[in-house]
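Colleague: I'm new to this one and would like to learn how to read it. Could you walk me through it, one feature at a time?

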Amino acid sequence: MGNMKSTSPKFRLMLEITGSLGIIASLIFVGIQLQLDRNVALGSQYSVRAESYSANLRSYLESDYAMNTLSKQWENGFRPEWWDESDPAIPVNATHLDVQAIFLRLQLLMINMDNILYQYEIGLLEEDDFLLRRETWISLMQDSPAWKAFLTGPSNFTRARFFLQELASDLENEISANGT
């Protein structure tokens, strides 16, 4: 190494400041990277939980035992809170099992929406992609009392529920304003 005594104090100070700034910049970069990694891990964990819950619902939909139980409940007078024979989301010739299947599909869709909304909120989904999905949700919700009632019932997925309630309210206001 060279003779440090011959280096001017100003030059040494500049080297120390530059080195300190380099260390600070590195620490900031590491902090940002840790935050991004944390978000990816949270998004992945949330997605896995949502998929697990969805798999449970799908197995329920495919289960003869579950469908027989729903049949017995229907025969005993149980109807979902949102039940309305005039709902266009329910086909005219729908059986009670069809109605229950529609309800389970709505739950699956709610889980998917909740997951997408969470991924968007933590920055793992691009805004354009999210807005495209939002438009799809609006078209699904437009004329369905089942959707409106479903949004008010109990759910583990409150993030999507609050967002969709707001979306449904905006949609109703838009429809009222346009007179359609």
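Colleague: Let's start with helix α2. Which residues of α2 are buried?

Modeller: Buried means under 20% relative accessible area, exposed over 50%, and partly exposed in between, with a 1.4 Å probe and protein chains only. In this predicted model, the buried residues of α2 are Ala66, Met67, Leu70, Ser71 and Trp74.

Colleague: And how are those residues arranged around the axis of α2?

Modeller: Here's the general idea: an α-helix has 3.6 residues a turn, so residues three or four places apart point the same way. In α2, the buried residues fall within an arc of 145° seen down the axis, so they line one face of the helix. That arc is taken from the directions from the helix axis to the C-beta atoms. Turned away from the buried side of α2 is a face with the exposed residues Asp64, Tyr65, Lys72 and Glu75.

Colleague: What covers the buried residues of α2?

Modeller: The cover includes α1 and α3, where a contact means heavy atoms within 4.5 Å.

Colleague: Where do the nonpolar residues gather?

Modeller: In soluble globular proteins, nonpolar side chains tend to be buried together. A nonpolar core is a set of buried Ala, Val, Leu, Ile, Met, Phe, Trp, Tyr and Cys residues joined through side-chain atoms within 4.5 Å. In this chain, the largest has seven residues: Ala50, Leu57, Met67, Leu70, Leu104, Leu108 and Ile111. Two or more residues of this core come from each of α1 (9-62), α2 (64-75) and α3 (96-121), and α3 gives the largest share, three residues. There's also a second, separate core of six residues, including Met113, Ile116, Leu117 and Trp137.

Colleague: Let's zoom out. How many helices and strands are there in the chain?

Modeller: Helices (H or I, at least four residues) and strands (E, at least two) are DSSP runs, numbered from the N terminus. The chain has six helices and zero strands. Of its 180 residues, 29% count as buried.

Key:
Residues numbered from 1 in each chain as written. Predicted model: local features only at pLDDT ≥ 70, side-chain atom pairs only at ≥ 80, totals over all residues. Heavy atoms only, no water.
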